Amino acid sequence: SLTQLLRQTKVIAANLKLEHVECWVDSELNGYAQDAEPPKYREYSTSSIEYNNPYQGGWRFAGHMNIKIMARQPIAEIEDFSRAEHGVFIPAPINLPLYDISGSPLDFDFPQRLIVMASQYKRIVDGVTNELLKVTTELEKRGIVGENMNFNEREKQNAASIVYNIGTVHGAVGNVSNSPITLYDNKTINHLFVEKNIPKEDRRELEDILDELMNATHAEKQSLLTRAEKLIVRHKEVLGITAEIIVKSVKATLE
């Protein structure tokens with residue numbers, strides 16, 4: 001099951017110290033907190049609305065209603081929804097205005113519910129599966145395959161240069177910004193500096209260094225790298241473990 005695959009991924013992420021992946025897996029397994037912005041693939045749409053008229057025999061179709069909602073439930077619950085035969089019923093957060101066939105508003109306050117087709121939840125399951133595939137593919141491309149969930153030092157070192165940013169997830173590693181799975185690039189590093197409230201002058205200095213690195217000679221790169229390292233180390237206490245990853249990302253330009 002997808003839940004089991006996520007649990008296995010958490011073990012792998014823990015062994016490789018991929019904290020961003022662990023944070024994402026925890027959110028998928030336990031559900032997304034209200035202060036977290038779920039990844040885009042967790043967005044789904046309702047198909048119709050019903051109201052409960054006790055005088056006419058219960059729930060009655062009121063019309064088609066397309067409302068976009070972010071799913072915060074644990075993935076196991078999403079998987080159950082994706083297998084529903086006749087759609088999933090969710091309570092309307094507020095009573096929506098309804099009109100009769102002539103366009104006049106219906107003046108009653110009966111309970112309402114929205115209907116979501118199972119295919120909408122299946123898309124979320126597919127989204128999580130695709131992210132898992134990206135994680136595995138990236139590890140394999142770097143020769144990180146492990147043996148019975150165990151990884152040697154070389155594999156752990158290779159994994160240290162990878163940062164997976166999937167959605168905006170609040171957890172032990174802070175706010176993970178929404179971007180593709182990638183090594184820290186210039187834009188991502190700058191975004192991280194903004195989030196960590198690094199002074200503007202230091203952000204600009206690092207931006208200039210990263211821009212110069214793109215077209216610098218090998219000798220110039222060594223000097224620029226030294227400047228970048230000093231700047232990053234200056235804020236190591238705030239950046240935490242990501243400081244080392246950023247340095248490795250900058251060093252990758254020398255290869």
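Contact is taken here to mean that heavy atoms lie within 4.5 Å. Helices (H or I, at least four residues) and strands (E, at least two) are DSSP runs, numbered from the N terminus. The structure is a predicted model, in which local features need pLDDT of at least 70 and side-chain atom pairs count only at pLDDT 80 or more, while totals for chains, interfaces and linings use all residues. Residues are numbered from 1 along each chain as its sequence is written, and side-chain values use heavy atoms, with hydrogens and water left out.

By this definition of contact, Asp 202, Glu 205, Leu 206, Ile 209, Glu 212 and Leu 213 of helix α7 meet Lys 221, Leu 224, Arg 227, Ala 228, Leu 231 and Arg 234 of helix α8. The residues of this contact comprise 6 nonpolar, no polar and 6 charged, where Ala, Val, Leu, Ile, Met, Phe, Trp, Tyr, Cys and Pro count as nonpolar, Asp, Glu, Lys and Arg as charged, and the others, Gly among them, as polar. The axes of α7 (residues 200–215) and α8 (residues 218–234) come within 10 Å and cross at roughly 155°; axes are lines fitted to C-alpha atoms, for helices over the stretch in contact, and angles run from 0 to 180 degrees between N-to-C directions. The two helices α7 and α8 are therefore roughly antiparallel to each other, given that angles under 35 degrees count as roughly parallel, over 145 as roughly antiparallel, 65 to 115 as roughly perpendicular and the rest as oblique.

A second pair is formed by α3 and α4, whose axes come within 7 Å and cross at roughly 135°, so that α3 and α4 are oblique to each other. Here Ile 75, Ile 78, Glu 79, Phe 81 and Ser 82 in α3 meet Ala 118, Tyr 121, Lys 122, Ile 124, Val 125 and Val 128 in α4, and by class this contact has 8 nonpolar, 1 polar and 2 charged residues.

The largest nonpolar core has 35 residues, and those with the most contacts inside it are Leu 6, Trp 24, Tyr 121 and Ile 124. Such a core is a set of buried Ala, Val, Leu, Ile, Met, Phe, Trp, Tyr and Cys residues joined through side-chain atoms within 4.5 Å, with buried meaning under 20% relative accessible area, exposed over 50% and partly exposed in between (1.4 Å probe, protein chains only). Its largest share, 7 residues, comes from α4. Leaving aside neighbours within four places in sequence, Ile 124 is in contact with Tyr 41, Arg 42, Tyr 44, Ala 71, Ile 75 and Ile 78.
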